[in-house]
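Good morning, and thank you for coming. Please look at the structure as I go along.

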Amino acid sequence: MKGLDNRTLLAVALAAAWPAVPAFAAVHSLPAAPSPSTSASTASTPGAAPAPTRTAPRKRSSHGRAWQLADQAFKAYGRGDFETALARADAALRLQPAAQRVHLLRVYALQKLGRNDEAARAAERAIDQGHGNAALRTALANLRATPADGTPGTEAYRAGFPLAAQAYRDYAEGRDAEAARSAEQAVRADPSQGPWVLLWLDALARQQRSDEIVQAVATALELGAPNAAEIAARVRQASRSIALRHAQKAYDALSRQQPRAAVDEAREAVRIAPDVASHRQLLIDALQAVPDLEGAEQATTDALAAQDDGAALRLQRAYLRQQLSRGGEAQQDVDAVIADAQVDEIQRRDARLIGVDLALAARDGERARALLAPLPPDDTQVRSRRQRAEDAASGWGSPATPPVTAYAPVKLCNDTPEGPACALAPWDSPQAGDAATRAYAAYAQKRYPEAIALAKQAAAERPDDASRQRLLTTTLAAGTTAERQQALQRLDTAIAAQPANATLLRQRGYLHIANKDPALALQDFVAARNTGQAPRSNLLDEAQAAAGTGDRAGAAATLRQAVDDEDVGWLSLDRQQLHDLRSTIASYSREWGVNSTVGYRGAHAASFGLPGQPVAVPGNASFNTTEVFWRPSGILNTNRSIFDVYGRLSTTLHAGTDVTAAQLVQNPCGGIGITPEQRTRGIAGLPSTSGALGVRYTPDTSTGLTFGLERQFMLGSATRSGTIDPAPASLRCQLNNRSAALDYRADTGSGGWQAYLLYGFYEGTGLRVDTRSWFTMEGYLQAGYTLLDMPAAYTVRDTAGNVLADGSGRLKRGQGFAAGEVRIGRSFVTDYNDRLVFFPHVTLAADWFSNRNRASGVPIAGFDSVALSDRGSSWSAGAGAGITLRYWFNEDRYNAQRSHVDASLQYRTTLGGVAGRAKGVFLNLTLSY
């Protein structure tokens with residue numbers, strides 16, 4: 001029989017089964033992935049390396065010395081110095097007789113020295129004293145060379161014995177596949193030999209062939225194996241051992257920032273050993289780390305169904321449900337914990353506070369107040385929440401305000417022989433842990449200055465702890481400019497030492513993004529991918545950085561690969577995340593578009609209103625504005641900035657008749673006159689057409705500011721001709737005395753220049769697929785100046801059309817303007833179609849215009865340059881209610897809906913200023929393609 005190999009012995013030494021270490025509290029924040037948290041159980045067979053424990057045993061006097069002796073024994077065995085190994089093992093056992101692995105080492109050392117009988121007696125003595133395990137029993141059976149309960153005289157035994165002996169030899173030499181085959185043949189030859197069945201199972205267990213173990217048990221029992229109880233115990237032990245190995249792989253994957261791999265291993269651990277609560281908790285944490293919140297919520301539900309003690313799991317599920325915008329179900333879980341008779345008062349209080357945090361995240365102040373009501377008012381944690389609950393309960397917009405991320409509760413865990421026993425506590429619990437833990441909590445809650453201070457304290461307490469150093473770097477990256485520079489220097493140093501560390505490379509990439517240096521960020525994300533250790537979600541980061549450099553087409557191609565990854569399960573995105581990803585692809589891919597609006601009242605752009613140009617005045621008039629824009633790739637267009645070149649045509653489609661009642665007016669020649677009722681019909685059709693060519697630039701989409709400059713053209717004949725009304729009374733008196741009017745005409749293509757600034761703010765205006773309704777607010781503020789200075793031909797005509805005088809000069813106009821509107825309401829996805837959204841809203845709108853107009857070269861004696869009467873300023877403001885229907889369309893596999901049609905109807909009442917501009921019905925139909 002061959003002994004253990006050096007690698008296995010080293011693993012055995014590190015996991016020697018000393019008496020249990022006193023439990024300690026381990027604190028984890030829920031959203032973060034945990035570290036391996038429990039000590040490994042002993043392996044069922046020699047050579048099976050158990051998972052390393054998270055903490056070393058506490059070194060009391062005898063334990064510490066025994067551990068040193070055992071370590072020396074294993075090292076001596078590894079060198080082939082079996083005499084020294086035996087001596088050190090004997091010395092270690094005198095100090096710590098319960099160390100099963102050292103007993104096994106002693107048996108193997110004796111066997112290596114050729115003292116097989118003594119080795120067998122040592123194994124028997126250890127087993128009799130209660131220190132035996134499966135590995136010792138297997139070693140003893142191998143030393144005896146025949147099962148203890150064998151019946152050598154039977155023909156079946158004689159047929160099976162050579163096969164069993166070969167299986168034992170193969171097993172001892174580490175040839176597990178051969179051992180399993182020979183043991184199976186032996187059992188089929190003589191099913192009455194129970195130890196042969198156990199050997200078969202042990203050989204399969206060492207290969208982690210859990211499904212074949214189940215089949216082997218069924219076969220052995222069907223053939224008539226006599227030791228069913230022992231087989232069942234061995235299967236449970238083997239299953240737990242195999243599951244533990246998968247769990248350890250999951251922990252390792254989490255430590256390498258590979259949560260998707262961790263999920264796969266954790267699922268296997270749960271499948272093999274569904275009764276182990278720590279494996280289910282590991283799966284939940286791994287799913288959260290992906291993040292796959294829906295999967296984590298379902299795994300929590302499955303865990304609750306598998307175990308009775310579910311207070312911590314219910315609170316964890318409540319937090320997950322709140323993140324999924326399922327606040328009602330979250331509070332049901334909180335209520336279930338509060339009503340649980342097995343929960344003590346401390347846990348019940350903590351459950352109430354966690355429920356308050358979830359309610360406040362959902363802007364449900366009434367629920368928060370109800371949960372706080374039974375708690376003592378002088379409690380610090382209660383007092384800090386009570387005012388926030390009152391504020392939320394009294395807020396006018398609380399029902400419509402979108403939820404925010406809840407403060408994550410912390411998990412307080414004690415290591416036990418069965419795995420970690422955990423409870424949940426509020427994020428600000430006094431038991432929330434040391435400086436590092438509180439730094440994680442503060443960082444998750446975006447309290448960055450506090451997080452940085454705590455992280456510095458944690459790093460100073462344990463300067464050799466790499467995780468605390470990483471924590472300090474992470475928090476510094478969220479700080480001031482100087483602190484971000486410190487974080488960058490720390491990362492540069494760390495990456496210089498570990499150039500293939502994907503986690504560090506990605507962290508530096510995020511810091512470069514924060515510093516608005518996307519080119520360097522892209523280099524880091526690509527380098528992280530090339531290590532082979534980056535998560536698949538690294539593609540999303542690469543795309544963002546690529547778009548930041550201006551390569552929007554390349555970013556779109558990368559994101560299309562991300563969609564493919566999601567299809568095969570390599571990414572784990574919920575419906576809304578996938579929709580947002582496809583919307584980003586549509587945005588990055590867009591290089592042109594068309595916007596066309598047909599409006600009734602209030603539909604004119606602020607740039608309209610040049611002399612002779614049709615203006616959307618009150619009345620039954622309708623207008624059309626159509627714009628085509630081009631977004632050149634690579635020219636000022638990134639993931640944060642937008643640059644458009646556009647052309648626009650505007651036309652009055654229908655002009656109603658305006659009626660001016662008879663009234664007394666000031667006669668310019670002196671005295672008072674009476675004007676009769678006048679009916680004026682506006683100009684519509686091609687003569688009213690105007691156009692513009694322009695550019696606009698949004699430097700940072702997060703600010704919502706857009707700068708624009710355009711050249712306007714008066715294309716229709718009515719836009720560049722008409723009658724002007726001079727301001728001087730004496731000039732108007734001359735015209736009245738001659739029954740004449742002063743007309744003007746400009747050349748084709750005449751126009752002006754307009755510069756403007758637009759501020760837009762939008763929340764909830766896109767399509768959502770994760771909910772049926774959501775808060776929506778949209779609005780704009782626009783201000784600018786239009787300058788017209790064009791040559792004009794003037795004609796003075798009498799009422800019969802006769803030309804009395806003519807001449808040429810220039811027509812000048814300057815117009816300052818400001819306009820704005822805000823709409824607030826709630827969007828609802830209709831039952832008719834999930835792409836049709838209904839948006840009832842309230843609205844507030846206002847505008848202001850200031851005109852300065854002159855005409856030079858007028859052909860009237862005594863006048864050359866005159867001011868025009870339509871000068872001065874005016875304003876209007878109105879408020880009302882409206883409804884908007886928006887239908888989204890034009891989507892494919894990679895692109896979310898790129899186009900929509902809007903129909904909006906409002907009624908406003910005037911708040912002040914010019915009533916005609918602010919009051920009445922306003923209707924718009926818009927196509928954005």
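Predicted model: local features only at pLDDT ≥ 70, side-chain atom pairs only at ≥ 80, totals over all residues.

Let us begin with a group of rings: Trp592, Tyr887, Phe889 and Tyr929 together make up one aromatic cluster.

How are two aromatic rings described? One gives the distance of the centres and the angle of the planes. The count for this structure is 6 aromatic pairs. Consider Phe643 and Tyr697: their ring centres are 6.4 Å apart and their planes stand at 65°, so this pair is edge-to-face, the angle being over 60 degrees. Phe643 belongs to strand β6 (residues 642–654) and Tyr697 to strand β11 (residues 690–698), so the pair ties together parts that are 54 residues apart in sequence. Are these two residues buried or exposed? Phe643 is buried, with a relative accessible area of 14%, while Tyr697, at 26%, counts as partly exposed.

A ring may also meet a charge. The charged end of Arg908 sits over the ring of Phe922, 4.1 Å from the ring centre.

I now turn to the charged groups. Side chains of opposite charge can pair when their charged atoms come close. How many salt bridges does a search of the whole structure find? The search gives 44.

One of them joins Asp335 and Arg367, with the closest N and O atoms 2.7 Å apart. Asp335 is in helix α16 (residues 327–339) and Arg367 in helix α18 (residues 365–372), so the bridge links distant parts of the chain, 32 residues apart. Asp335 is partly exposed, at 35% relative accessibility, whereas Arg367 is buried, at 18%.

Next, please find helix α24 (residues 502–514), which holds Arg506. Arg506 forms a salt bridge with Asp541, and their closest N and O atoms are 2.6 Å apart. Asp541 lies in helix α26 (residues 538–548), 35 residues away in the chain. Both Arg506 and Asp541 are buried.

Helix α24 also contains Arg508, and its partner Asp524 lies in helix α25 (residues 518–530), 16 residues apart from it. The side chains of Asp524 and Arg508 meet at 2.8 Å, N to O. Asp524 is buried, with a relative accessible area of 5%, and Arg508 is buried as well, at 16%.

Finally, salt bridges can be joined to one another here: Glu297, Arg314, Arg317, Arg321, Arg326, Glu329 and Asp333 are linked in a network. Thank you for your attention.

Methods: Residues numbered from 1 in each chain as written. Heavy atoms only, no water. Phe/Tyr/Trp six-rings, centres within 6.5 Å; stacked < 30°, edge-to-face > 60°. Helix = DSSP H or I, 4+ residues; strand = E, 2+ residues; numbered from the N terminus. Buried < 20%, exposed > 50% of the residue type's maximum accessible area, 1.4 Å probe, protein only. Lys NZ or Arg CZ within 6 Å of the ring centre and 35° of its normal. Salt bridge = Lys/Arg side-chain N within 4 Å of Asp/Glu carboxyl O.
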